[in-house]
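Please look over the sequence and the model below.

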Amino acid sequence: MPSTSCSHGRKPDRLVRTRGRPRVLLRAVAAAIAATITCAAAAAAQGVIAGTVVDSASRQPIPGAQVNVENTTLGNLTDANGHFSIRGVRGTQATVVARRIGYGSARQVVTVGDTTVALALASHPMSLDVVVVTGTPNGQTKREIGNAVTSIDVASVTKIAPVTSFQELVNGRAPNVVIMPGTGEVGSGAKIRVRGTSSLSLNQTPLIYVDGVRMDNSQATGPANQSFGSGSISRWNDIDPEDIERIEILKGPSAATLYGTEAANGVIQIITKQGAAGKTRYDFTMTQGANFFMNPEGRIPTNYNLVDGNIESIDFKQLNDAYKNAYGQNIFRTGHQQKYHAGISGGTDRFQYYVAGVREEDQGVDLTNDLGRTSARANLSVEPTDKFKMQAHLNYLNGRTNLAPEAGYGGRMWTVMLMDPLYADSSSLGFGSSFPWQYDETYHMYQDIGRFTGSVQITHQPTSWFTQRLIFGADQVNTNDVEMAARIDSLQNTNIDTDALGYKYQTNNTNKFRTFDYSATARFDVAPGLNLATSVGGQYYIKRFEYVSAGGSVFAAPGLTSIGSLTRDFTSGQDVTENRTLGYYVQEQVGWKDRRYLTLALRSDKNSAFGEGFGRAYYPKASVSWVISDEPFFGKMSWLNSLRLRAAYGESGQQPNDFDAIRTYSPVTGPNDQPAVTPGSFGNPDLGPERSREFETGFETSLFDDRAGLEFTFYNKNTKDAILDRPVAPSIGFANTEFVNAGQVSNKGVELLARVTPVRNNTVTWDASFAFSYNKNKVVNLGLAGVPYLSAGTYERNEAGFPVGAWFEKKVVSAQLDGDGNAINVMCDDGMGGAVDCASAPQVYLGSSIPDKQGAFTSTVTLWNKLKLYGLVDFQLGQKKLDGNERIRCYFVLGGVCREMLAPKDYSPVLEAGIQNGMPFYLINDAGFFKLRELSATYTLPGRFASALHASGASITVAGRNLHTWTKYKGLEPEAQFLGGSRGGSSVSWEQTDTPQLSSFVATLNVSF
Amino acid sequence: MRLHTRPDAARRSRRGVILLGAALMASALAACNSLLDVPVPSRIPANSIENPSNAVLLTNGAISDFDCALGSFIVVGAELTDEFEDATATAARWVYDKRDVPTDNERYAVNDCDAEGTYVPINRARASADNVLRILNAASDSEVPSGVNRGDLIATLYPYAGYARVLLGEMFCSAVISTLNPDHTVTYGTELTPQQVFQSADSMFTLGIAAAQASGNTDALNMSYIGRARARLDLGEYDLAKADAQQVTDPDYVHVATASATTTRRANRVYGESNTTGTASSVGPRYQGMTYDGVADPRVQAVATGKTTSRGLVEWAQLKYTDPSTPIPIASYDEAQLIIAEADARANDTPGAIAIIDALHTKAGIPTYTAAGGATDQASVLSQIVEERSRELFLEGQRLYDVIRFDLALQPAENTPYRNGGVYGPAGAALCLKLPDVERQNNPNLQ
């Protein structure tokens, strides 16, 4: 089509292909000249600028680069071949700027009508010209912002890395963003923490925005049984990585001030893929792979018991062999992983689209653990006039996640961990409880989801100096959580016991998030080199959680599964909680010659959860950014390409939970089933938000011909008025806790991100990066007179001077064994360096339950621009975990199937004293680890192979995940988290019969047409 | 100032934009309050309900709080004594069964009545009754809805306030009674001995008797008399206890905590713990197949379920409560008779005591004590009264304080290995639960 020719100037390619046929060539040359003249005239008349963006070193086209006409809203993305086209440019000349994560910017003054603009971007490990989302219209370049903003180029990551979920995508790629999964069950979610733990009682979850709209950021959902387990489902993983273009992370209050109340835990922005003007592009990705339990024989401990007076053992291999002989299956299966993604994108200068669909099926190692889901996305962009731009983002997800019982709920891990040689020759085959197949047949726990997310963003630039933006959007999540035991009469006399009579509890949840966001920015050139940008905005957020639940027990007969067929213990419930925030901000930014920036801002919020005695919350912000390497006085050093210094101070908050401020009664059924009320929440009318104040400073530098980059940040975050879930004296008659603003929590640390390209030539490119963060977390004070500490779970507490959720337990320091192996003369740590009788000993500090050091190494070697070899090793250090597997094996449940209980004289008296007295201090140990998280090889097929498929490009990736762990932790999995798990409940730092992180191998085929 | 556009056009545009922005902001500010209104469909703000117009609703609430607390009190008391043995694999419950409950144990200190909690639900029951009594006593008859007898409600509530105190005193080594004030502040109580708590209960029953007499509420009157008799028995004031018990003359009198299958909170907690289809708590050996003089005693019915736990416990289900809606006696004529009998025995009026025992046996359809040749000396009769109480009041929440006040030994004995690990704790007078840490750490008067 002529327009295509005009836009992309492809005639020369066609001329080359026609060489050897002179007459045809002549006609073609004539046609090309005519077309060029015609197109140029037409292009100038339509105000078109088009061209190509390439890598300055490899000359390879760069897809997904943002090309803008400076001082206008006009812009477009480059397509898969690096082409761009922008229409509607006024005047005869314009300045176009191209940007892309991982590259510097390229700025060029061009003639309007020029369709052969060539822009070359140099690889830049610490580019300052990337535009990031900050809450103001059109965002800001990194050089303007006084904070560190971590950007993840997701489109590049998914091409080579074996990531199937959002949490896998973020893991190891952003300093100080810690991913803490609870279990290896597929479909389960992780806790995500940014810059430490700031609150003692509230949600620690960062805010999440997708294309400018606030989303449901729940990290712990699912069937109620999982409140006792660890396999909860995170809403974060509903977003398919294949649909994400990039992620930007604002880590703390100093960066997230404009987001106000709720932003104290940081803000994560997800920008999904957009279409680019040009011919229609078809992308298809297929992944096939396997999930498996790595080396269960070597990791699951051997159990012991006295059999006919002798100590006998049973290990996993023996148990599995017995099970396989009896029932023809292994205890743990190899799960099948498959995913299919298809996308169509393209458009014209005025209209672009990206439409994609995904089908994913994933099986865990437990026969009842799997997920299947389908999602569809449509992202549309329209520019009806030069002044308006409208974008719509629509996504729908539907699927089911089946979770298997584990942790305290029984299941495979339980019955295996408690295997007992005493019963190895009996009908139980040595299983500690029920057979795996009995769990499979009895328990059915799943979550169905239907989630719609939609947003409309309208950008209006009536004049060159003023831009305003309106965003409104909705995120609606409908889930159906089911916890069911089937009625199987034949299992009633087994360890399944009365559960085999059946029960079912079902909760239908509807979570609604609504966003209304207006913001405007006016830019003024006050004097040569001096410019001002004034921004104002107002946001209105609604989030509403509604559920209806019903349940009961004992199905009337086998085969029945409906709640209506239950016969006993009926329960039902329904509730609505809603929270609303209305806030405004004003921000003034002063820029001097594109190298010095001062930003001042003030945010004010009012929230429906604030107490009546609390007014508005105000959050100030100030930041400076100085690209010192651009200063004339800064001498030119060949090895230093750029250096920016920055500092920022800002505040943000987190509102109380809904209704915590008011004293309430709850409706109940009274005597003779009459209506009644009972005391509910005690309430605190003065309850306000937690306030987090943060100062950060640091620098970015690019060195050695942009082959090395370093980003360093120091931060000091203090959360004051921390909301404490303080127990109340039960004698007052109201509920167990009240919320008060009292505590203070400190998080102080450094973040480092280094990127280096040691080798870069036409044959080999080697890129490596190292991300590291250190966070010193401490409860400064609780602010509660007479309250020395608050419980944070069993053996965990919040106490001034120690990390949040620190381990505390009595610690045996000396003991002896008598002739029978019983621990005697047991003395404990008195907390002051001495020893005291354990009966009166205090619980002493044993370590932090959360890591203080976190990071990752990545390495990518590219050979001949065709083969990429990639690996990622991440680590978390400084945390201790309670090995609950050992606890239940040794003494807590059955009285001991660990050898330490049977032959105490073979072990240390101190250890035996701990076991025999039920003091698990010896089980709380270093759980730091390094993991070979990702390893892959990606081969881009030669053009002739792609052509054989009628494709424009194709690649194959072979990858592995969770392939090796280096750790001193003696338990099964240093990342496991028991009771509460990612729900954030108590005992989060235990491991107890959790499925470990699964390993996987996958092969992925990418084809583009 | 230099703008990117022509000055005139720029000024006009800027003015328009500023006006538009100002209008938007002003609109939003004006709508601010209503925009932040949120529905509260499942919670009732205290300010809107704590008034006499809701007298019936509040009274029902106080009664329901007590009924729920009573069920949990009976179950926990049964586990602590010999009525129940724990048959679950839930280690957190075993502390009751082995009589070794630490003061930081969340279950007994924090949990609600539907999860074996005791300190919280009993305190809630007491505070609810006290709070509603405060509201009703401060109101006039005209402030309650028409057709509602304020005095009758007050008479109904006082015995509940008294019984909640009795439960506190019987289960805990010490307790606290705090007060919610009309302005929503709290007057924290101090640590009280069980005797002080029983005296407080005595006062509540006394007020209840007066209110019941004034309003003509016979049920409340009987309940208050029996309640005060129990409190006085607990105080060792046997003559006074007997005098109160003798005020109850209706042989069929019983006041119950109603139950129903409508909600978990309303269900008979004891039945939920122990029935033929589910046995979280198994009836203790002492009560299995119980007979008197060779005849099965119908007052203590239990049956083997045919199941054995993985730890070797043969499960027995209670049959006293036959379904989730079976009511639980709070106060009864039979209990009053046993109180009289005990007072008689302690006063060495053994014939009087034996007559009551015989009458209860006849009522139950088993041989009388006299016919069975029971000894008539004071110690034997008193011992028989303990036995009678354990049978007649089986799973009614009386056994715990009987063990304490009679200093009864329990089996297995202290320091005997517990089947799930650890050893049994003390019994007898030392069996009470200590004041939990949650009260001690959060009550400013106890620091």
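Two strands count as paired if DSSP finds at least two bridges between them. The model is predicted.

**Two open sheets in chain A**

By that rule, 4 strands of chain A form an open sheet in the order β3-β2-β5-β6, with antiparallel pairing. The edges are β3 (75-77) and β6 (106-111) of chain A. Each has a single partner strand, so one side of each is left without a neighbour in the sheet. From one strand to the next, the twist averages 20 degrees. Inside this sheet, β2(A) (residues 66-69) and β5(A) (residues 93-99) are joined by 4 bridges and run antiparallel. Gln66(A) stands opposite Arg99(A) in β5(A).

Another open sheet of chain A has 4 strands in the order β38-β39-β40-β44. Its pairing is antiparallel. Here β38 (789-793) and β44 (844-847) of chain A stand at the edges. Each of these has a single partner strand, so one side of each lacks a neighbour in the sheet. The twist averages 50 degrees from one strand to the next. β38(A) is joined to β39(A) (residues 796-799) by 4 bridges. One pair in this stretch is Leu790(A) with its bridge partner Asn798(A) in β39(A).

Strands of a sheet pair through backbone hydrogen bonds, either parallel or antiparallel.

Start with Ser936(A), whose bridge partner in β50(A) is Ala959(A). Ala959(A) in turn stands opposite Val1002(A) in β52(A). Arg961(A) stands opposite Ser1000(A), also in β52(A).

**Where chain A touches chain B**

How many residues of chain A are in contact with chain B? There are 64, and they meet 72 residues of chain B. On the chain A side, several elements each supply at least two residues. They are β24 (443-463), β26 (503-527), β27 (530-555), β28 (566-592), β32 (664-669), β33 (675-679) and α11 (884-892). Which element gives the most? That is β28(A), with 10 residues. By class, this side of chain A has 34 nonpolar, 22 polar and 8 charged residues.

Strand pairing also crosses between the chains. β32(A) is joined by 2 bridges to β1(B) (residues 44-45), and the two strands run antiparallel. Tyr665(A) stands opposite Ile44(B) in β1(B).

**Chain B: overall form**

The secondary structure of chain B comes to 17 helices and 15 strands. Its radius of gyration is 28 Å, whereas a compact globule of 447 residues would have one near 22 Å. Along the principal axes, the C-alpha atoms of chain B fill a box of roughly 120 × 60 × 40 Å.

**Chain B: the α7 and α8 pair**

Two packed helices are described by the angle between their axes and the distance between the axes. In chain B, the axes of α7 (residues 119-138) and α8 (residues 150-171) come within 8 Å and cross at roughly 150 degrees. That makes α7(B) roughly antiparallel to α8(B), because angles over 145 degrees count as such. The crossing of α7(B) past α8(B) is left-handed.

Which residues of α7(B) meet α8(B)? Among them are Ile122(B), Ala125(B), Ala129(B), Val132(B), Leu133(B) and Leu136(B), and also Arg126(B) and Asp130(B). The α8(B) side includes Leu153(B), Ile154(B), Leu157(B), Tyr158(B), Ala161(B), Ala164(B) and Leu168(B), as well as Arg150(B) and Arg165(B). The residues of this contact divide into 15 nonpolar, 1 polar and 4 charged.

Technical notes: Residues numbered from 1 in each chain as written. Chains lettered and ligands numbered in written order. Predicted model: local features only at pLDDT ≥ 70, side-chain atom pairs only at ≥ 80, totals over all residues. Axes fitted to C-alpha atoms, helices over the stretch in contact; angles between N-to-C directions. Contact = placed C-beta atoms within 7 Å. Nonpolar A, V, L, I, M, F, W, Y, C, P; charged D, E, K, R; others polar. Parallel < 35°, antiparallel > 145°, perpendicular 65-115°, else oblique. Left-handed = near helix turned anticlockwise from the far one by under 90°. Rg over C-alpha atoms; globule rule 2.2 N^0.38 Å.
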